[in-house]
Amino acid sequence: MALDNESFDILLSTVQRFVREQLVPAENHLEEHDEVPPELVDAMKEMGLFGLTVPEEFGGIGLSVSQEVQVNFELGRTAPAFRSVFGTNIGIGSQGILMDGTPDQKADYLPRVASGELVMSFALTEPDAGSDAASLKTRADLDGDHYVLNGTKRFITNAPRAGAFTLMARTGGPGASGVSAFIVPADLPGIKLGKKDKKMGQRGTMTCDVVLENARVPAANIIGGVPGQGFKTAMKVLDRGRLNISAVACGIAQRVLDESTRYARERKQFGKRLGEFQLIQAMLADSQAELLAGWALVREVAERFDRKPPHVSDPDVSMRVSCAKLFCTEMAGRVADRGVQVHGGAGYINEYPVERFYRDVRLLRLYEGTTQIQQIIVGRELMNQD
């Protein structure tokens, strides 16, 4: 699944122009009002951004992973909230249906995802189950031809916007094998949303709790129609999601480096430009080197991802994805920290973009698997190799 090169070049150029001419100028509004303007959401739908990863047969664009990471790099050059509007929808929100769903589930949901009519969220994390996802407690008990869901999901991105959730719940015993993945319409009786979370950064993104109290979901809404496969579905979905977070991290690092370099050229101290001081140059150079290394890693892993059989897990690819997530998100944090340092006192002032990105990038090391979880995945795979 990939777009032909000529069409992809046009799409990428369109995204670059959209970021530069519409999203970047709207960053101050986003920061002040904590919301993405509706007209920008409409523009995203018209551009097809809600269907980037949905196959053409279901009304989407059908990008390969190698193409998707390039788009996400460009989207990383602006506030993360803009991508968040559709990123979860085409990523972890709907990828479970695309990878493991039945033909009927794909035909029902994917065209609405691609058009932007349906926003989907991914509901895995719970108050007592974050990194240890296999220990989730939300129950799904069979009652005739329905499952009755009870539990609470936490920090669910786009939950206030969602029309449906890819939701993990326990249909069996303890551990990963007892988890199933459900398609849960957001308007079902028994589903309530908590108050919108107030976060350190990433203003404009929407997260909140999702509370299920005897919510009845048709048994036919189990993704793939087979109970007990939910944890495997979640892990496959997260592999692609983690690689795209890595690409976003590189895009943010590029934006911060651009802002820092510009400031170093314009700001004068002791009678010369700030960037003429070698210690300033050293910080810029370290950021450039780490950014190039991270971006090369992402593109190499994306190519490996595209070469493996579709929708099949590969431990070696998963290990490399975790390497990318680990390195690139940590790298973006270091680049943002240096960006603030290059700006000096101005870097601590909200009106400068580096201050906002410094707060925004901190989340990248936490969601879709913390840095420590990525270390465990990489270390475990190394120990398992012959």
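This is a short chat about the predicted model shown above.

Q: Let's start with Glu 27. Where does Glu 27 sit?
A: Glu 27 is in helix H2, which covers residues 27-33.

Q: Buried or exposed?
A: Glu 27 is buried, at 5% relative accessible area. The cut-off for buried is under 20%, so Glu 27 qualifies.

Q: What does the side chain of Glu 27 have a polar contact with?
A: With the side chain of Thr 78, at 2.7 Å.

Q: And which residues does Glu 27 contact, leaving aside neighbours within four places in sequence?
A: Arg 77, Thr 78, Ala 79, Phe 82, Arg 255, Arg 356 and Phe 357.

Q: Arg 77 is on that list. Which residues does Gln 254 contact, with the sequence neighbours left aside again?
A: Arg 77 is one of them; Phe 73 and Leu 291 are the others.

Q: Where is Gln 254, and is Gln 254 buried or exposed?
A: Gln 254 belongs to helix H8. Gln 254 has a relative accessible area of 17%. That is under 20%, so Gln 254 counts as buried.

Q: Switching to packing. How many residues are in the largest nonpolar core?
A: The largest nonpolar core has 38 residues. Those with the most contacts inside it are Val 69, Leu 243, Cys 250, Ile 252, Trp 295, Val 298 and Met 331.

Q: Which helices supply at least two residues each?
A: H4 (65-75), H8 (230-266), H9 (278-307), H10 (315-343) and H11 (353-360).

Q: Which one gives the most?
A: H8, with 12 residues.

Q: Take Val 298. What does Val 298 touch, not counting residues up to four places away in sequence?
A: Val 298 touches Val 69, Leu 243, Ser 246, Ala 247, Cys 250, Ala 324 and Cys 328.

Q: What lies apart from that core?
A: Another core, of 29 residues. Leu 12, Val 15, Val 41 and Ile 90 are among them.

Q: Now rings. How many aromatic pairs turn up in the whole structure?
A: Five. One of the aromatic pairs is Phe 270 with Phe 277.

Q: What is the geometry of Phe 270 and Phe 277?
A: Edge-to-face. The centres are 6.2 Å apart, with 75 degrees between the planes.

Q: How exposed are Phe 270 and Phe 277?
A: Phe 270 is at 77% relative accessibility. Exposed means over 50%, so Phe 270 counts as exposed. Phe 277 is partly exposed, at 24%.

Q: Which lysine lies over the face of Phe 50?
A: Lys 45, at 5.9 Å from the ring centre.

Q: And over Phe 305?
A: Lys 308 lies over the face of Phe 305, at 4.5 Å from the ring centre.

Q: On to strands. How do E3 and E7 pair?
A: Strand E3 (residues 146-157) and strand E7 (residues 207-218) are antiparallel, over 10 bridges.

Q: What is the bridge partner of His 146 in E7?
A: Pro 218.

Q: How many bridges join E6 and E7?
A: Three, again in the antiparallel sense. E6 covers residues 191-193.

Q: What stands opposite Lys 192 in E7?
A: Val 211.

Q: Last one, Glu 46. Where is Glu 46, and buried or exposed?
A: Glu 46 lies in helix H3, residues 38-47. Glu 46 is exposed, with a relative accessible area of 71%.

Q: What is the C-alpha separation of Glu 46 and Ser 115?
A: Their C-alpha atoms are separated by 8.4 Å. Along the chain, Glu 46 and Ser 115 are 69 residues apart.

How values were computed: Residues numbered from 1 in each chain as written. Predicted model: local features only at pLDDT ≥ 70, side-chain atom pairs only at ≥ 80, totals over all residues. Heavy atoms only, no water. Helix = DSSP H or I, 4+ residues; strand = E, 2+ residues; numbered from the N terminus. Buried < 20%, exposed > 50% of the residue type's maximum accessible area, 1.4 Å probe, protein only. Polar contact = N/O pair within 3.5 Å; in protein donor to acceptor, adjacent residues only side chain to side chain. Contact = heavy atoms within 4.5 Å. Core = buried A, V, L, I, M, F, W, Y, C linked by side-chain atoms within 4.5 Å. Phe/Tyr/Trp six-rings, centres within 6.5 Å; stacked < 30°, edge-to-face > 60°. Lys NZ or Arg CZ within 6 Å of the ring centre and 35° of its normal. Pairing = 2+ DSSP bridges.
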